[in-house]
Structures are given as structure tokens and as C-alpha cells.
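Hi,

Here is the structure I promised to pass on. Please open it alongside this message, and then read on for what turned up.

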Amino acid sequence: MPTTLPMAQHLEGIALATARLDAYAQSTGLEATVPTCRGWTVSRLIAHLGMVHRWATAIVRELPRQDTERLEEEGLETADPLTWLGHGSDVLRASLRRAPADLDVFFFLNDAPAPREAWARRQCHETTVHAVDALSAQLGRVPTSVEADIPPEVAADGVDELLSGFATRPGEGLTSTQRVEVDVRAVDTGDVWRAVVSDGPLQVVRTGRPQEADSVVTGTAAQLYLGLWNRGEEMRCEGRDVVSFWRDRMQVTWG
């Protein structure tokens with residue numbers, strides 16, 4: 001099951017995360033550094049997210065391919081970056097609401113729902129993660145899950161997308177000559193993912209029940225969400241150290 005959340009909740013998540021990023025950026029300033037994105041300032045963060053929103057909107061609306069470098073430059077050069085960001089977020093959500101249920105467009109992750117729902121989900125988590133980045137700029141450090149305040153059901157959905165959608169892609173490099181079975185357990189929502197690391201692509205299933213494993217990774221859904229996105233330090237690991245392996249190998253970048 002690729003998602004258990006309705007599209008309306010993903011759209012609410014985009015709106016909430018955009019508003020939070022706006023608030024963090026206003027209190028921090030555009031030139032503040034972002035501890036969770038090495039080498040970035042808040043201004044660069046806004047330009048990146050605004051670009052992604054516009055790129056996704058064009059796909060949902062079946063418009064011509066967008067020049068992403070030009071969009072980022074637009075975000076960096078605009079006189080009011082936060083208004084620019086908010087406008088892009090509003091247009092994205094409106095486009096998703098208006099899109100037909102049987103929308104047939106490109107999507108790039110494994111184990112995904114239908115394209116309209118898949119894009120709503122992806123942009124919910126894209127925006128949520130980058131709001132956490134803006135929070136890290138405000139705090140000057142990696143935030144805790146309590147400070148990030150991500151609803152458990154949204155966090156669990158994001159863990160599922162990351163493990164089943166991103167991490168299972170062949171190019172991610174999550175391979176090992178030795179087979180390792182991993183249980184990832186969200187202690188508050190009861191969600192459990194079974195991951196098998198081998199010399200092939202990572203295999204992940206959402207099992208819903210704990211099993212014996214070579215490594216057990218636990219935390220609340222929000223702690224797992226932040227930890228697996230390399231934005232948090234609260235998830236715990238027993239047995240084989242797969243957390244270091246994950247952090248060394250799993251670096252989702254724009255490309």
C-alpha cells in the first residue's frame with residue numbers, strides 16, 4: 001500500500017510546511033546558514049523549494065518541461081522571495097485539486113499511488129523536510145522531533161515513501177555483499193517496515209508486525225522521518241549498525 005493518507009491531508013501538509021518555512025525565514029533572515037543543508041543559506045533553500053513547486057506544477061498541468069536553473073535564479077533574484085515561494089505553493093495545491101483523478105503523467109518513485117496522489121504526497125514531504133531545514137537555520141542546529149512538530153501519520157507516510165519509493169531505486173547504492181535484514185519500527189503508530197540489504201536493490205515491505213532481524217531501528221514516526229532524511233539524531237539502532245551505512249549511502253539530491 002503506497003499511501004494511507006488522503007490527498008487532502010497531503011495538500012494541508014504542503015500549506016502548513018510552507019507557512020512554517022515562511023515564519024522561520026522571517027525570524028532568521030535570508031542569509032542565515034542552514035545546518036541541515038551544507039553550504040546553503042535560507043535564500044538558497046527558498047529558491048530551491050520554489051523551483052521544485054513550479055517544476056511539479058508544470059508536470060501536473062501537463063505543461064512544457066521547465067528550465068529548473070532559470071527558476072532557481074528567479075527565486076534568488078526576486079525582490080520578495082517569501083511571497084514568490086507562497087505563490088508557487090498556492091498554484092501547486094490549486095493545480096493538484098483541479099487535476100483529474102485519472103491524471104496520466106510522469107512520476108519517478110517506486111511503489112507509488114496514481115500520479116495525482118503521488119505528486120501531492122511527494123510535494124507534501126518535499127515541503128515538510130525543507131521546513132525542517134528552515135527550522136534548523138533558526139535554531140542553529142539539527143532540530144528535535146518535538147521542535148519539528150510533524151504529525152505522526154504524516155511522518156509515517158513520509159518514512160514509507162522514503163524507504164519504499166526512494167531507497168529501492170537501483171542507483172541509490174544501498175547494497176552489501178552480506179545480506180542484512182532490518183526492522184524499522186515506529187513505536188507510536190505501530191508501523192513496521194522490513195528492509196533487506198543484499199547485493200541487489202534494497203527490498204522493503206510494510207509488514208505491520210515486528211520480526212527478528214539483524215538490525216532493529218526504532219523511534220517515533222517523526223524521529224524516524226527526521227533521522228532517515230538525515231535531519232535528526234533521535235532514532236535508535238540495535239544490532240548491526242545500519243544507521244551509519246544509511247547516512248553514508250542515502251543522500252537524496254536534486255538531479
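This is a predicted model: local features need pLDDT of at least 70, side-chain atom pairs count only at pLDDT 80 or more; totals for chains, interfaces and linings use all residues.

**Aromatic rings**

Let me begin with the rings, where the count of aromatic pairs comes to nine. Take Phe107 and Trp119: their ring centres are 5.0 Å apart and their planes stand at 90°. Planes over 60 degrees apart count as edge-to-face, so that is the label for Phe107 and Trp119. This pair joins distant parts of the chain, with Phe107 in the loop between helix H4 (81-98) and helix H5 (115-139), and Trp119 twelve residues away in helix H5. Is Trp119 buried or exposed? Its relative accessibility is 0%, so Trp119 counts as buried.

Another edge-to-face pair is formed by Phe108 and Phe166, with 6.1 Å from centre to centre and 70° between the planes. Here, too, distant parts of the chain are linked: Phe108 is in the loop between H4 and H5, while Phe166 is in helix H7 (residues 152-166), 58 residues apart. The two partners also have their own accessibility values. Phe108 has a relative accessible area of 25% and is partly exposed, whereas Phe166, at 3%, is buried.

**A charge over a ring, and a glutamate**

Next, have a look at Trp84: Arg54 lies over the face of this ring, 3.8 Å from the ring centre.

Glu72 is also worth a click. It is found in helix H3 (residues 68-77), and its relative accessible area is 15%; buried means under 20%, so Glu72 is buried. Leaving aside residues up to four places away in sequence, Glu72 touches Arg44, Ala47, His48 and Met51.

**The cavity**

How many cavities of 30 Å³ or more does a search of the whole structure find? The search finds one. The largest cavity holds about 60 Å³ of space. It is lined by 13 residues, and those closest to its centre are Leu109, Asn110, Ala112, Arg121 and Glu161. H5 and H7 are the elements that give two or more residues to this lining, and H7 gives the most, with four. By type, the lining has six nonpolar, three polar and four charged residues.

Happy browsing, and best wishes

Note on methods
Residues are numbered from 1 along each chain as its sequence is written. Side-chain values use heavy atoms; hydrogens and water are left out. Rings of Phe, Tyr and Trp (its six-membered ring) pair if their centres lie within 6.5 Å; planes under 30 degrees apart count as stacked, over 60 as edge-to-face and the rest as tilted. Buried means under 20% relative accessible area, exposed over 50%, partly exposed in between (1.4 Å probe, protein chains only). A charge sits over a ring if NZ of Lys or CZ of Arg is within 6 Å of the ring centre and within 35 degrees of the ring normal. Contact means heavy atoms within 4.5 Å. On a 1 Å grid over the protein atoms alone, a cavity is a set of points where a 1.4 Å probe fits but cannot get out, and a pocket is an open set with protein on both sides within 12 Å along at least five of seven lines; lining residues have an atom within 4 Å of a point. Grid points are joined across faces, edges and corners, and a volume is the space filled by probe spheres set on the points. Ala, Val, Leu, Ile, Met, Phe, Trp, Tyr, Cys and Pro count as nonpolar, Asp, Glu, Lys and Arg as charged, and the others, Gly among them, as polar.
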